Amino acid sequence: MNYQRWGRALLLVTLLPAWPIHGGAGWAADVGPLPSGQEGARRAADNTTASTSNTVPNEKRPTDGKQPIDTAESEEGETLVIAEVEMTGRREGIEIDPVRSRTTVTAKELERRQSDNVFNVLQDIPGVSINGGPLAGGMKFNIRGFSDTEDVLIKLDGAVRNFEKYRFGSGVFVEPELLKAIEVTRGPAGALQGSGAIGGVVEMRTKDAADLLQPGRRIGASLKGGFSSNNLEKLGSATAYGMVFDSLDLLANVTWRASDNITTASGKELQNTTARRLSGLMKATYRLRPGAMLSLGEVYFQDDALQPFDATIGVPGVFGFVRRAVTDSTSTANFEYTPIDHSFVPWINVKGNVGYTSTSVTDSDRQDGNGVIVPNSPTNFFDYRIVTLNLTNTSSLRLGPLRAALTYGIQYNRNRREARINRLNPTAGLRETVDNLAQPSGTRSFLAYMLESRVDVGQVSLTAGLRHDTYRVEVDVQQTRALLQAEGRSPVIDFVRTTPSAGIAWNMLGGPLTLFYNYAEAFRPPLVDEYFTQGAFSRCARFLFGALAPPSGVCGDRYIPQSARNHEFGLSLNYPGLFANGDMLTAKIVYFRSRVRNTLYSLAARAASGAFCEPFNPAGGNNICTHVTQDGKENREGIEFELGYRSEHWFSNLSLAGVRGKQVCEGEHALFDVPGDTLVFTLGRSDLGHRLEYGYRLRAVDDRRVITGSTGSIVSPCNTGLIIGNQAGYVLHNLFVSFQATSMLSLNLAVDNFTNTRYFLNNGFGGGIGQEAPGYNVRLLASVTF
């Protein structure tokens, strides 16, 4: 299936009629540069039709009291912002950024999907797919083919949530029920979002009381109940919310899910894939006055069930089963301040957030693949404590036709992991708790200074950003620290990186088309594991490095961070009133190129000839290890296409994505394990005064490259000696319908894979063919609002 060809044809058909209809005039108010990202977000929050007058810097407009959904990390220095067009107070499910590779999934789409996790919703965004599964605890985001833990930055209300554990997922445990928006940025994070994210950024935002209150009401509550047929999941949810003193919003939610085993399309039950999940949200938002807001939130999650040790289920049952207990909480404080005195308004627009994430995973009571208890099996403990601090200010200036904004700030992050094992000491005959040397405890922290400027001149917008990070990675295991110090090496790795970014966008002749280009540099530091692992998992073991291997077998400063450069060229269309007043056509096509250098997996010992050395070759000679390199490269390029249309009763979305790549390491090889070309099409309609909504969604995925075997030669760090084959593509059909029966009662139905198509997940162990995916599933939800 050649989806790129389809995308080019669809874009041509979309754009050809656009210009003649309106003659390229009268569009500046809708698609021209706005003074700041905050004003664009405020328009979206107003739930009104787009204004037809030009805005000015920091223009104050009356709102309904709701705050925009952007957090401190949202770019105050956006390039171009297309004003959101709203109809009859309805929000759309998918929102497309016109000048960046950024897509937002709103609460409306989350309600349509009724998914039990955020991963299954986001995989329909172009360039985004999911590795792992079908358990949510074993899923990872894959953005443009980047899927390692540190390749994608994950935030919840501004708090960083990245989690790393062997054969586990990204650690995203939040209930979709609690979210009002998920914003996905594809490609390296901008200067203001964060560092270390080569693949992209996923930012989730929880609901406020203002998002749920009915017009004219000060208090409210809702009860929800649901059922899923595939794994017999039961859902219960209760929410209470209200407004006090016209300035204080309060919200409290508790959600419970319980499910049995997942069933594949062929009718096989995946053993021990049950879940017992309890989650909740408490949130208070205080608005002292317009422009001054403080929001305090706490998201909680816990799960305790017998599950596969390999949460990704790459090889079901091979690693056995464990009693897995997960406890997770995220505490956040978000604030913003703009002075009342208008003389200071252009200079002061402060936003910030403080976050604390605590995640604990305990694996105990191990069983083998047949469900037999393993005597004296170890218990593993993983505890993460992540502190996040972000503070920015935006100053704006207008000189005639020139409008400028400068955003500057500081970020701090401290990620501490403690990994311990409780095991039997055969000598003493007693159990003891010791450090996990294969996944050692450690701390990674950084302090960053950010600067991003934006200049708008007429229909052209220019941005430039600069970010300076000071990193520290430290191992906390005393045994590892002592070994390194005995070798004269430090248990602390310090380094700095400065990464620029830039962009230009041109609203072509004030018409519906915007042409843009973005450039960004990024880096990915090694994990604590990669720096300080001991034993067979270390790349610096003696059987790989020979005499060059450190006595401890710990790589440490042998690693350097890998770097990336990303170019994006795009064209977007924002076309209101195509067929009738109130409808909207949007489209965007992006071509990207990414160049990654010093790939971490390419760390290797070589002989003087440059070939990989053979440490235990008795012949010696030219195969003796003489030096260490980390010179691997990866080159990616791809196309992403988004098309959306909405009118009074119809809505539709089309997304198309394809990525190709080369691995440059011991020659050139096509990248394997990147997602297959993907096409997603949604068509829906609303009737009965928008009380009834129904639709169809198609998801088509082409073949993807996987490892199907190996030759008799040694498989090197550059993956030579592998036999590459294909994992078959598939086409899925899904249905959804919702009905607002009364002002209090609403009903939702979603049918996933209603043809019960058999296909495979992207979770194969070691890059192989994945596990068979879940089959047909019907989700029912009833909600009563008081």
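Buried means under 20% relative accessible area. Keep that cut-off handy for these exercises on a predicted model.

**Exercise 1.** Are C613 and C625 buried or exposed, and what joins them?

*Solution.* Start with the surface: C613 and C625 are both buried. Next, look at the sulfur atoms, which sit 2.0 Å apart in a disulfide.

**Exercise 2.** Which hand does the disulfide of C540 and C555 have, and why?

*Solution.* First find the bond: the sulfur atoms of C540 and C555 are 2.1 Å apart. Then read the torsion about the S-S bond, which is about 115 degrees, so this disulfide is right-handed. Where are the partners? C540 is in the loop between α8 (528-532) and α9 (542-545), while C555 is in the loop between α9 and β25 (562-576). Now use the cut-off: C540 has a relative accessible area of 0%, so it's buried. C555 comes in at 1%, so it counts as buried too.

**Exercise 3.** How many residues does the largest nonpolar core have, and which elements give two or more residues to it?

*Solution.* Count first: the core has 29 residues, and I182 is one of those with the most contacts inside it. Then list the elements: α6 (119-122), β3 (128-132), β4 (139-143), β5 (152-156), β7 (179-186) and β8 (200-206). Now zoom in on I182: leaving aside neighbours within four places in sequence, its contacts include V118, L122, V202 and M204. Apart from this core lies another of 25 residues, with C613 and C625 among them.

Key. Residues numbered from 1 in each chain as written. Predicted model: local features only at pLDDT ≥ 70, side-chain atom pairs only at ≥ 80, totals over all residues. Heavy atoms only, no water. Core = buried A, V, L, I, M, F, W, Y, C linked by side-chain atoms within 4.5 Å. Buried < 20%, exposed > 50% of the residue type's maximum accessible area, 1.4 Å probe, protein only. Helix = DSSP H or I, 4+ residues; strand = E, 2+ residues; numbered from the N terminus. Contact = heavy atoms within 4.5 Å. Disulfide = S-S within 2.5 Å.
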